[in-house]
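Subject: Structure handover

Hello,

Here is the structure for you to look through. Please open it first, then read my notes below.

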2 protein chains.
Amino acid sequence: MTITADPATLTASSAADAIVAGALTAEALTRACLDRIAARDADVAAWAFLDPDLALAQARAADRVPPRGPLHGVPVALKDIIETFDMPTQCNSPIHAGRRTYADSAVAALIRAAGGTILGKSVTTEFANRHPGPTRNPLDPTRTPGGSSSGSAAAVADFQVPLALGTQTSGSMIRPAAFCGLWGYKPSFGEVSRVGVFQQSGTLDTVGLCARALEDVQRLRAVLTRIPYENVAPLDRAPRLALCRTPEWDEATPAAQQVLEEAARRCEAAGATITDLLLPSPIFDGWLKVHKRVANFEGARNFGFERHGHRHLISKALGEGRIRDGETTPVSAYVDAQRRAEAMRLWAEDTLPAFDAVLTLAAAGEAPVGLSGTGSATFNSLWTLLYTPCLTMPFGRGPAGMPLGLQLVSPRHEDERLFATAGWVAAALAD
Amino acid sequence: MTITADPATLTASSAADAIVAGALTAEALTRACLDRIAARDADVAAWAFLDPDLALAQARAADRVPPRGPLHGVPVALKDIIETFDMPTQCNSPIHAGRRTYADSAVAALIRAAGGTILGKSVTTEFANRHPGPTRNPLDPTRTPGGSSSGSAAAVADFQVPLALGTQTSGSMIRPAAFCGLWGYKPSFGEVSRVGVFQQSGTLDTVGLCARALEDVQRLRAVLTRIPYENVAPLDRAPRLALCRTPEWDEATPAAQQVLEEAARRCEAAGATITDLLLPSPIFDGWLKVHKRVANFEGARNFGFERHGHRHLISKALGEGRIRDGETTPVSAYVDAQRRAEAMRLWAEDTLPAFDAVLTLAAAGEAPVGLSGTGSATFNSLWTLLYTPCLTMPFGRGPAGMPLGLQLVSPRHEDERLFATAGWVAAALAD
C-alpha cells in the first residue's frame with residue numbers, strides 16, 4: 001500500500017488501514033490535517049480549541065505502539081460540549097469560557113482506547129442550542145454549515161479532520177451533515193454514553209457523528225458502542241422502503257422535494273418496494289410542540305447553573321426562548337408531552353419494522369445564506385423524538401449548487417440494518 | 001414563634017418557617033448542624049467534604065437577604081457524586097480524589113436559587129456502586145447505614161443536617177433511608193435534572209432525597225423540580241392500596257414480612273381497600289437480571305474514562321463486577337433487556353393507576369451488622385426499573401430494635417398522589 005494522495009483527503013477507514021499497513025503514520029496524517037486547517041481556518045472557523053502540539057503529541061504516541069483498535073492514529077474532532085481532560089470545553093458560552101474538566105467524556109475515552117486521537121474541539125452553537133458560532137459552510141462561506149454541530153460538519157467536509165462527533169437534540173447532527181455534503185449519523189437513542197457531554201434534554205440528547213464515508217460512520221459507531229468493528233455489507237436484496245414526506249412537506253423547498261422523489265423513483269427502479277408512510281392523526285398531531293415541550297421543560301432545569309448564576313451571559317435566543325418557556329411549563333404539561341411522545345414511539349415500534357428504512361428529507365433544502373441562524377430542524381426533530389437511528393447521505397443539489405441530503409431512518413436499535421440499507425441505496429443512486 | 005429546641009433537631013420545614021419568621025438565623029441553624037457533626041463525626045463518618053467556614057459563609061449570605069424560596073437558609077447535604085462549583089466531588093474513588101468541577105449541578109443550583117445552602121458532600125460508596133465508604137449507621141455503629149447514599153442517610157438521621165440528596169440506580173436512596181429510620185424518596189424517573197451528577201446508567205439513575213418529615217420531602221422536591229411549593233394534604237378518603245410482596249418475598253426477614261402485613265392490616269382497619277398485587281409471568285420473569293443487564297451494559301461504557309485510564313484504581317467489586325459483565329454483554333442482549341423493561345413499564349402504566357399506592361418492603365430487613373457491604377437492593381430495583389415514584393416511611397422495628405421502612409409506590413408521574421396517600425397511611429399507622 002502506498003499513499004499518494006494528501007493524507008487529509010483520506011477517509012478515516014483508508015487512513016486507519018494505511019497506518020496499520022505501515023504506509024502512513026499518525027503523525028503525517030495529523031500534520032496533513034493541521035496544514036489543511038492552517039490554510040483554511042480563516043475562511044471556515046470550525047475550531048473552538050486546537051493545540052497543534054497536543055494533537056501531534058497524541059499522534060506520535062500512537063505511532064510508538066502497536067495498533068490498539070479500529071481508529072488507531074486517526075484524529076477525531078469533538079463538538080465543544082464534549083469533555084476531554086486535556087482541552088477546555090467551552091460550549092460557545094462566556095459562562096464556560098476557559099472551562100477545563102477533570103476527566104474525559106466516555107466517548108473521548110473510548111476513542112482513545114481504540115487508538116484514536118482527539119484533534120481539537122469543534123465549534124458548537126451556544127450550548128448546542130440556536131445562537132450560532134462563527135463557523136462558515138466550507139462549500140460557500142456566505143452560508144451556514146448548519147448547527148448545532150457546526151464546526152464538526154464544516155471541519156470534516158473541508159478535509160480538516162476525517163471524523164467528528166456532534167450531538168442531536170432536534171436536528172443538530174443530521175442537518176449540518178446534509179448542509180455540508182456529508183454522511184451524518186444519529187444512533188438509536190440510548191446506545192452511546194453521554195457521560196461528560198453537556199446535557200440539554202436527558203430524554204432527547206444523542207451523541208452522533210459525521211464522516212465522508214459510510215464505512216467511517218460504522219467504524220466510529222463500533223468504537224463508541226464498544227462493540228467489535230465489522231463493516232456491514234450492503235443489503236443483498238432490494239429493500240422495503242417507506243417514503244415519508246411528513247406533515248411539514250410544504251416547508252421544504254421544491255428542489256429538496258424533487259430530490260427525495262427522485263431518490264425514491266430510482267430505488268424503485270432498482271427493485272426496492274416503496275410504500276408511502278403517513279404519520280397518523282391524532283397520534284402525531286402537534287408532534288413539534290410535543291418535542292419542544294419536553295426539550296424546553298428539561299432544558300430550563302438542566303441549565304440551572306447558568307440560569308441562576310449567570311443569566312446575563314445567556315443569549316436572548318436561549319434565555320427568552322427555551323429557558324423561559326420551560327420554566328413556565330407546568331409539570332402536568334411536561335408529563336402529558338412525555339406520554340404523547342411515548343405513544344408516538346409505540347406507533348413507530350409497531351410500524352417501522354415492516355420496512356428496512358424510511359426515506360425522508362434531511363433538511364428543508366440547501367444550506368441557507370447567512371450566519372445568523374443554522375437552518376430549521378423541522379425534518380429532524382421527529383426522528384429524534386422517536387429514538388430511531390438516522391443517517392443522512394449526500395444526494396442531489398439545490399438551486400445554488402449546494403448539497404442536499406437524503407435521510408434514512410430505521411427502527412430503533414436496528415442501526416446495522418440502517419447501514420446495510422444505506423449501502424444498497426447509495427449503490428442504487430450511484431448507478 | 002420561639003425556638004427552644006436545638007435547631008439541629010428541627011425538620012427542614014420547621015427551620016425554614018422559623019427563619020422566615022425571624023425566630024432563627026441560617027447561621028445559628030448551620031452552627032447547630034456543625035456542632036452536632038463535630039460531636040458525632042468520629043462515630044458516624046458521614047462526610048466526604050465539609051468546610052465549616054464555607055458553610056457558614058453561605059448561611060450568613062442567606063441571612064443578609066430576604067427569603068428567596070422554600071429552603072431559605074436551610075443546609076442540605078449532597079451525595080459526593082453531585083457537583084458543586086465550590087467543593088470537590090470525589091465519588092469515593094482515588095481516581096477522582098480532589099476533583100473540583102467548574103459548575104454546580106442543576107440540583108445544587110436550584111437549591112441555592114431557593115435560598116438553600118450546601119453544607120457539604122456526604123459519603124457515597126465508590127461511584128454510587130457497591131464498594132462501601134466509612135460511614136456507620138448512627139443508630140448502631142456496628143451496622144451499615146445502607147448505600148450507596150450512605151452519608152446522606154446517616155447525616156440526616158443523626159441530626160447533622162435536615163435534608164440530603166442521594167441517587168438511586170438500584171436501591172441506593174430508599175434502602176439507606178429505611179435502614180436509618182428516615183423518609184426516603186425516589187421521584188418519578190425524568191422529573192429531576194441529572195446535570196452534574198455522576199452517571200452510571202442513563203436509563204436508571206434518579207436523584208432522590210431523604211428527610212425526617214414528609215413535608216420536608218415535598219419541600220425539597222418542589223425546589224428540585226422547580227415548581228411552586230405547596231404541601232399536599234393527606235388524602236381525605238381511604239386509599240385503594242395494593243399489597244405487593246414481590247417474587248423475592250422469601251428473601252425478606254420474618255420481621256420485615258410481619259411489619260408489612262401489619263401495616264396492610266392497620267390500613268385496612270382504617271378503611272383502605274387492600275388488594276394483593278402479583279407481578280405476572282412472563283412479563284416479570286427474571287426482572288432482576290433485566291435490571292442488571294441494563295445497568296451493567298451502560299455502566300461499562302459510562303465508566304469509559306475510569307476503565308481505560310485508571311483501571312488499577314477501580315475496586316474489584318466494580319471492575320470485575322459491573323464493568324466486566326457489561327463489557328461482555330452484546331448489544332443485542334442489552335436491547336432485549338431494554339425491551340423487557342419497557343414491557344414491564346407498560347404493565348405498570350396499565351395496572352398501577354387503579355391504586356393510590358402499592359405497599360411493599362423498603363428493604364429485606366433491618367440494617368445488617370458489618371460495614372463491608374450496604375445490604376441488598378432486591379426490594380428496590382424493580383421500582384427503579386419501572387420509573388415509579390417511591391417513598392419509604394419509618395414503620396416498625398427489627399429484632400435488634402433497628403428501624404424498618406414501609407415503601408409506598410405510586411404510578412409514574414403521580415408523585416403528589418404518593419404524598420397524599422403517604423400522609424393518610426402515616427396517620428393510619430400512628431393511630
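**A buried arginine**

A:Arg221 sits in helix 7 (residues 214-225) of chain A. Helices here are DSSP runs of H or I with at least four residues, strands are runs of E with at least two, and both are numbered from the N terminus.

Some ground rules before going on. This is a predicted model, where local features need pLDDT of at least 70, side-chain atom pairs count only at pLDDT 80 or more, and totals for chains, interfaces and linings use all residues. Residues are numbered from 1 along each chain as its sequence is written, chains are lettered from A and ligands numbered from 1 in the order in which they are written, and side-chain values use heavy atoms, leaving out hydrogens and water.

Is A:Arg221 buried or exposed? A:Arg221 counts as buried because its relative accessibility is 5%. The cut-offs are under 20% relative accessible area for buried, over 50% for exposed, and partly exposed in between (1.4 Å probe, protein chains only).

The side chain of A:Arg221 also makes a polar contact with the side chain of A:Tyr185, at 3.4 Å. A polar contact is a pair of N or O atoms within 3.5 Å; within protein, one must be able to donate a hydrogen and the other to accept it, and residues adjacent in sequence count only if both atoms are side-chain atoms. Leaving out residues up to four places away in sequence, A:Arg221 touches several others, including A:Glu191, A:Asp415 and A:Phe419. Contact means heavy atoms within 4.5 Å.

**Salt bridges**

Side chains of opposite charge can pair when their charged atoms come close. Over all chains, the structure holds 49 salt bridges. Each is a side-chain nitrogen of Lys or Arg within 4 Å of a carboxyl oxygen of Asp or Glu.

Start with A:Glu27 and A:Arg31, whose closest N and O atoms are 2.9 Å apart in a salt bridge. They are about one helical turn apart, because 4 residues separate them in helix 2 (residues 26-44) of chain A. A:Arg31 is partly exposed, at 39% relative accessibility.

In chain B, B:Arg219 and B:Glu215 form a salt bridge at 3.7 Å, N to O. Both lie in helix 7 (residues 214-225) of chain B, again 4 residues apart. B:Arg219 is buried at 6%, whereas B:Glu215 is partly exposed at 32%.

A:Arg112 and A:Asp86 also form a salt bridge, with closest N and O atoms 3.0 Å apart. This pair links distant parts of the chain, 26 residues apart. A:Arg112 is in helix 4 (residues 106-113) of chain A, and A:Asp86 is in the loop between strand 2 (75-79) and helix 4. Both are buried: A:Arg112 at 16% and A:Asp86 at 13%.

Salt bridges link A:Arg237, A:Arg240, A:Asp356, A:Glu414 and A:Arg417.

**Helix 2 and what follows**

Helix 2 of chain A has a kink of about 40 degrees, centred on A:Ala38. The bend at a residue is the angle between axes fitted to the seven residues ending there and the seven starting there. Among its buried residues are A:Leu29, A:Cys33, A:Ile37 and A:Val44. The buried residues of this helix pack against elements including helix 1 (12-20), helix 3 (52-63) and helix 5 (150-157) of chain A.

A:Ala45 follows helix 2. Its phi is near 55 degrees, a positive value in a residue other than glycine. A:Ala128 has a positive phi of about 55 degrees as well. A:Ala128 is buried, at 9%. Most residues other than glycine have a negative phi, and most peptide bonds are trans.

Where is a cis peptide bond? One joins A:Ser281 and A:Pro282, with omega about 5 degrees. Another joins B:Gly147 and B:Ser148, also with omega about 5 degrees.

**How the two chains relate**

A rotation of 180 degrees, with 0.0 Å of shift along its axis, superposes chain A on chain B (RMSD 0.0 Å). That is the relation of a two-fold axis. Superposition is by least squares on the C-alpha atoms of residues with pLDDT of at least 70 in both copies. In chain A, A:Thr101 comes closest to the rotation axis, at 3.4 Å (C-alpha).

Best wishes
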